[in-house]
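Subject: Structure handover

Hello,

Here is the structure we talked about handing over. Please open it first, then read the notes below.

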Amino acid sequence: MVREIKHTEIGDIPVDWKLQTFEETFRVLSNNTLSRENLNNRGGAVRNIHYGDILTRFPEVLDCCEEDIPYINDLGVLTSSAQLLQDGDIIIADTAEDETAGKVIEVQNLGAGKLVAGLHTIPCRVKKGDFAPGWLGYYLNSNLFHDQIIPFITGIKVSSVSKSALSETLIVIPPINEQEEIVKSLEDIDRLIATRKSLLAKKEKIKQGLRQRLLTGNYRLPQFEGAEWVDIKIGELGQLSKNSIDPQQFKDEQFWEYSMPAYDENKTPVRVYGNQMNSARFTIFAPILLFNKLNVRQKRVWFIDECEQDSICSTEFLPFISSKVDLYFLMELLLTDKVTFDFENMSTGTSNSQKRISPDSFLEYEIKIPKEKEEQEQIALILRDVNNDIKVFEEEIEKYMNIKQGMISYFLEN
């Protein structure tokens, strides 16, 4: 049976689906502006939704019984105007570093817990319309809704969306039984994704354990039992080489790493290394280690073993080359918690986001490594195999995420 459709501002939808504005649908609640320093993961009386968790951690439908939501350290810093949330409320991240601004979560299974919306969020409560649990979380993150927001996202270094811009966006309301069927189908694939993410987390834990054992010399590979490890400065192993990255003419395009793929002028995907600030187009000559001197919490070190044309790289990188150390081994060593902690303490600058490691400090930093390069290579091989396993899980999760987005589009367009 072919469904009768009607033409609307956002496309064709079934005739029995309602359409109303965001302003008609929701009442905006009050949030707070508490930073990460005011939150903890140990416990407390009131939990808090930080915009960063919406952007990077929480799913569209937030099961408050399952997810680890931070607590507020001191309720004395919580303003009296901040309103407690309830099941069915939505929370919008109004700020991001890219077009993910406007990502939404729907609160569910809060129970007797107390929850508030925090920094850079817009919490809302339904005032008109009947919605099945989960429908708003899935719909408000669909392309059908988010595409309405994109023209109103403002900012250069930071992207934001305002309450006034949201007010005229349109909410699609299918009959409640259809909402329930769509949500059930999406929950099924969410469970599949959650299973894969759980397995990925276990792999990551195994990798951390291997790093701790293999990169500290606490566990020795049998064939190298008794072989010497030495303390040595990074600068004694190799050098920083400006000739290893070849700056080309940087065009006006803006490129981003942690949000969406970068493309050249021919719409061809290109690799991106580093954060989105101070990036330029480079040809990379391999093998090379790229170390981001900025004090960042994201990935800081990349190993590249094949030359790449026209990659987008942070100009904050220190390009390190060496024939005396296995560079993959060195990358893994530089990603360990101890080294990361040391570099954070060595960084200098006016603010945390602007602190940097100087080239001299990087080269003077002392590490402990196997004297024999063959032992380094064998340790690197083990860790590379684990990383490849992790990559398989990551690609599976990405595949299922794409299937899920396709399902959402199919349900909303057919």
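Helices (H or I, at least four residues) and strands (E, at least two) are DSSP runs, numbered from the N terminus. Residues are numbered from 1 along each chain as its sequence is written. The model is predicted, so local features need pLDDT of at least 70, side-chain atom pairs count only at pLDDT 80 or more, and totals for chains, interfaces and linings use all residues; side-chain values use heavy atoms, without hydrogens and water.

The chain overall

The chain has 11 helices and 27 strands. Its average pLDDT (the predictor's confidence in each residue, from 0 to 100) is 84, and 85% of the residues score at least 70. Residues 244-269 have a pLDDT below 50. That stretch still has 61 contacts (heavy atoms within 4.5 Å) in the model beyond near neighbours in sequence. For contacts between residues at least 6 apart in sequence, 77% join residues at least 24 apart.

The chain has 414 residues, and 46% of them are buried. Buried means under 20% relative accessible area, exposed over 50%, and partly exposed in between (1.4 Å probe, protein chains only).

Two loop residues

Asn109 sits in the loop between β11 (104-108) and β12 (115-117). Its phi is near 55°, a positive value in a residue other than glycine. Most residues other than glycine have a negative phi. Asn109 is partly exposed, at 39% relative accessible area.

His120 is in the loop between β12 and β13 (121-126). Phi of His120 is also positive, near 55°. His120 is partly exposed, with a relative accessible area of 32%.

Helix α9 spans residues 337-346. Val339, Asp342, Phe343 and Glu344 are buried there. The buried residues of α9 pack against β23 (288-292), α8 (327-334) and α10 (359-364).

The second largest pocket holds about 340 Å³ of space. It is lined by 16 residues, and the closest to its centre are Leu215, Thr216, Leu333, Thr336 and Lys338. Helix α9 is among the elements that give two or more residues to the lining, along with α6 (176-214), β16 (229-233) and β27 (366-370).

On a 1 Å grid over the protein atoms alone, a pocket is an open set of points where a 1.4 Å probe fits, with protein on both sides within 12 Å along at least five of seven lines; lining residues have an atom within 4 Å of a point. The volume is the space filled by probe spheres set on the points, which are joined across faces, edges and corners.

Best wishes
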